[in-house]
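Here is a short briefing on one protein chain. Look over the sequence and the fold first, then read the points below.

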Amino acid sequence: QIFLSLQDGNMAKGAREHLLHIYQQDRDWEKAVETAQLLSHDEQTYQFEIAQFHCEIAQAALFKSDIETARSHIQTALSANGKCCRANIILGDLELKQGNYAAAVAAYTAIEKQNHAYLNMVGERLYDAYDGLKQTVLIGYMQTFPQLDLLNVIYEKSLLLHGEQKANETIAELVRAKPDLNGVYRLLGVQISGLNPAWKADADMIRG
């Protein structure tokens, strides 16, 4: 309160510097952005700090699955500091979470031009994004050319990326869209473990 009251006098700059420190300690990023903007001048623009504060807000929004808010603050962070690697890391995470694999790859690989030293932080996630992109392409091929038999490879990719339940759902969707004997055979194979024991013998027979 004392520092706030000093903002109108000749001690405004010092007061705001202390307030900025307090807001960072309190993780009050909105007020930190506002204060950094008030402190900004030709010699010290605070663009690096402002970008980091927006990244903090974006990260919190992504954690709450508030995608629109996260995306907005990521873009603001990049506008404030085009070399903000952290913004592209969060953007890649957001796109990966949404299943937008090409966009995730683009965000992660943009870090190379910003500061290649940060690439080691996203190596595994970049690998997952490329895997997801391959899976998306394969699903597109199957939907366009239903005669192709790509279910096994799609299932394996989906299993690695999303786990067994999502992989089973993916196979079920593809077989329902274009049912054939090969597809039904594989669908029964992935679903059989979750069936009521009384039905398993019949399911094995049907599959055979």
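The notes below cover the cores, the salt bridges and a surface patch.

This is a predicted model. Its largest nonpolar core has 28 residues, and a second, separate core has 14. The structure also holds 7 salt bridges.

**Nonpolar cores**

- In the largest core of 28 residues, Leu20, Phe53 and Ile74 have the most contacts inside it.
- Ile74 is in contact with Ala58, Ala87, Ile90, Leu91 and Leu94, leaving aside neighbours within four places in sequence.
- The second core is separate and has 14 residues, among them Leu151, Ala167, Ile171 and Leu187.

**Salt bridges around Glu56**

- Glu56 pairs with Arg27 in a salt bridge, and their closest N and O atoms are 3.2 Å apart.
- Glu56 lies in helix H4 and Arg27 in the loop between H2 and H3, so this pair ties together parts that are 29 residues apart in sequence.
- Glu56 also forms a salt bridge with Arg86, with the closest N and O atoms 3.3 Å apart.
- This second pair links distant parts of the chain, with Glu56 in helix H4 and Arg86 in helix H6, 30 residues apart.
- Shared partners join Arg27, Glu56 and Arg86 into one network of salt bridges.
- Glu56 counts as buried because its relative accessibility is 18%, under the 20% cut-off.
- Arg27 is exposed, with a relative accessible area of 54%.
- Arg86 is partly exposed, at 26%.

**The Lys31 and Asp28 pair**

- Lys31 forms a salt bridge with Asp28, and the closest N and O atoms are 4.0 Å apart.
- Lys31 is partly exposed, with a relative accessible area of 41%.
- Asp28 is partly exposed too, with a relative accessible area of 25%.

**Surface patch**

- Val137, Tyr141 and Phe145 form a nonpolar patch on the surface.
- Together these three residues have about 270 Å² of accessible area.
- Tyr141 lies in helix H8, which covers residues 123-144.
- Tyr141 counts as partly exposed because its relative accessibility is 43%, between the 20% and 50% cut-offs.

Definitions and conventions:
Residues are numbered from 1 along each chain as its sequence is written. This is a predicted model: local features need pLDDT of at least 70, side-chain atom pairs count only at pLDDT 80 or more; totals for chains, interfaces and linings use all residues. Side-chain values use heavy atoms; hydrogens and water are left out. Patches are made of residues with over 30% relative accessible area and no salt bridge: like charges are joined within 9 Å, nonpolar side chains (Val, Leu, Ile, Met, Phe, Trp, Tyr) within 5 Å. Accessible areas come from the Shrake-Rupley method with a 1.4 Å probe; for residues, only the protein chains shown count as cover. A salt bridge is a side-chain nitrogen of Lys or Arg within 4 Å of a carboxyl oxygen of Asp or Glu. Helices (H or I, at least four residues) and strands (E, at least two) are DSSP runs, numbered from the N terminus. Buried means under 20% relative accessible area, exposed over 50%, partly exposed in between (1.4 Å probe, protein chains only). A nonpolar core is a set of buried Ala, Val, Leu, Ile, Met, Phe, Trp, Tyr and Cys residues joined through side-chain atoms within 4.5 Å. Contact means heavy atoms within 4.5 Å.
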